[in-house]
Amino acid sequence: MAQPVSLGREGFLATLRRDRWWVEPLLVAVGLTAFGVYVTVSAVAMDTRFEVGPYLSPLYEPLLVFNWWHFSPAILILWAPLGFRMTCYYYRGAYYKAFFANPPACAVTGYANPGKFRGETKFPWTVMNLHRFFLFFALILNVFLWIGAVKSFWYDGRLGFGLGSIILVVNAFLLMMYSFSCHSVRHFIGGRLDCFTCTKSARMRHGWWQTVSRWNENHRLWAWTSLIWVGWTDIYIRLCASGVISDPNTWGVLEVIH
Ligand code: FES
């Protein structure tokens, strides 16, 4: 009978790996912490520098203003995309490793007693099953993000565009690809089918499933590019609205909104 391989030492972080396995969880921890802090500060800021001219920060899209709501309008929106990200299959694998280190990487020992590991079978981790429902809210927000991006080409009664319009279009595209490459979208399109070739509709779904599966292969890429870009878009609009920079555009320099 094969004997277990000795790691030379036991316990937390024991491994035979010789590569820099710790780089990825470290980058994930730094990236997600930075994004979380920035979004929290930006979303709860009680100012109006989230919009300037035809540009509205994607953290506030669609802008919901009610008399009864006395806090930042971003809070009414952000629960959906943040819930979508936090329950994402890719991010779960990444931030479990980065923040809980249990294990911190493949073939690296975590700290828990393996016999007590329950995965996501107990509350609060069962909440992760809500991902498919967050998906529908995310898809709805994708529509509003595209509407906001298209509206950014119309300002002061004239059609035109600025650097902000391009940034908003790229933002809507990246977030759309992040949503469409979701594992739940794959399942929604191709799941619960026993035969991909038996009927015309099954063959059609198979074709869509193949396309979504190709996007899904790069889900991590879409996850990070969309995350970084949505933060950058908010920063850009705030810098323009604060008068720190001017948006190059075909209408002339945008006025500063304070
Ligand atoms: S699996 Fe990542 S968004 Fe659905």
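This note sets out numbered points on a predicted model of one protein chain.

1. Overall make-up. The protein chain contains 8 helices and 4 strands. Read from the N terminus, its elements follow the order α-β-β-α-α-α-β-β-α-α-α-α. Along the principal axes, the C-alpha atoms occupy a box of roughly 80 × 50 × 40 Å.

2. The protein chain has 258 residues, and 40% of them count as buried. Where contacts link residues at least 6 apart in sequence, 71% of these contacts join residues at least 24 apart.

3. Leu 63 counts as partly exposed because its relative accessibility is 32%, a value between the cut-offs of 20% and 50%. Leaving aside residues up to four places away in sequence, Leu 63 touches Phe 50, Glu 51, Leu 56 and Pro 73. Val 39 lies 24 residues from Leu 63 along the chain, and the C-alpha atoms of the two are separated by 16 Å.

4. Ser 179 in helix 5. Ser 179 is placed in helix 5. Its relative accessible area is 2%, and therefore Ser 179 is buried, the cut-off being under 20%. Setting aside residues up to four places away in sequence, Ser 179 touches Phe 84, Leu 135, Ala 138, Leu 139, Asn 142 and Val 185. One of these partners, Val 185, is itself among the buried residues of helix 6.

5. Helix 6 and its packing. Helix 6 covers residues 183–190, and its buried residues are Ser 184, Val 185, Ile 189 and Gly 190. These buried residues pack against helix 3 (89–100), helix 4 (131–151), helix 5 (163–180) and helix 7 (200–217). An α-helix has 3.6 residues a turn, so residues three or four places apart point the same way. After helix 6 comes Arg 192, with a positive phi near 60°.

6. Helix 8. This helix, residues 219–241, has 23 residues. From its first C-alpha to its last, helix 8 reaches 33 Å, which is close to the 33 Å expected at 1.5 Å a residue. Gly 243 follows helix 8 and has a positive phi, near 80°.

7. The disulfide. The link of Cys 195 and Cys 198 is right-handed, with 95° about the S-S bond. Cys 195 counts as partly exposed because its relative accessibility is 23%. Cys 198, by contrast, is exposed, since its relative accessible area is 57% and the cut-off for exposed is over 50%.

8. Two further cysteines. Are Cys 88 and Cys 240 buried or exposed? Cys 88 has a relative accessible area of 1% and is therefore buried. Cys 240, at 4% relative accessibility, also counts as buried.

Terms used. Residues numbered from 1 in each chain as written. Predicted model: local features only at pLDDT ≥ 70, side-chain atom pairs only at ≥ 80, totals over all residues. Heavy atoms only, no water. Buried < 20%, exposed > 50% of the residue type's maximum accessible area, 1.4 Å probe, protein only. Contact = heavy atoms within 4.5 Å. Helix = DSSP H or I, 4+ residues; strand = E, 2+ residues; numbered from the N terminus. Expected span 1.5 Å × (residues − 1). Disulfide = S-S within 2.5 Å.
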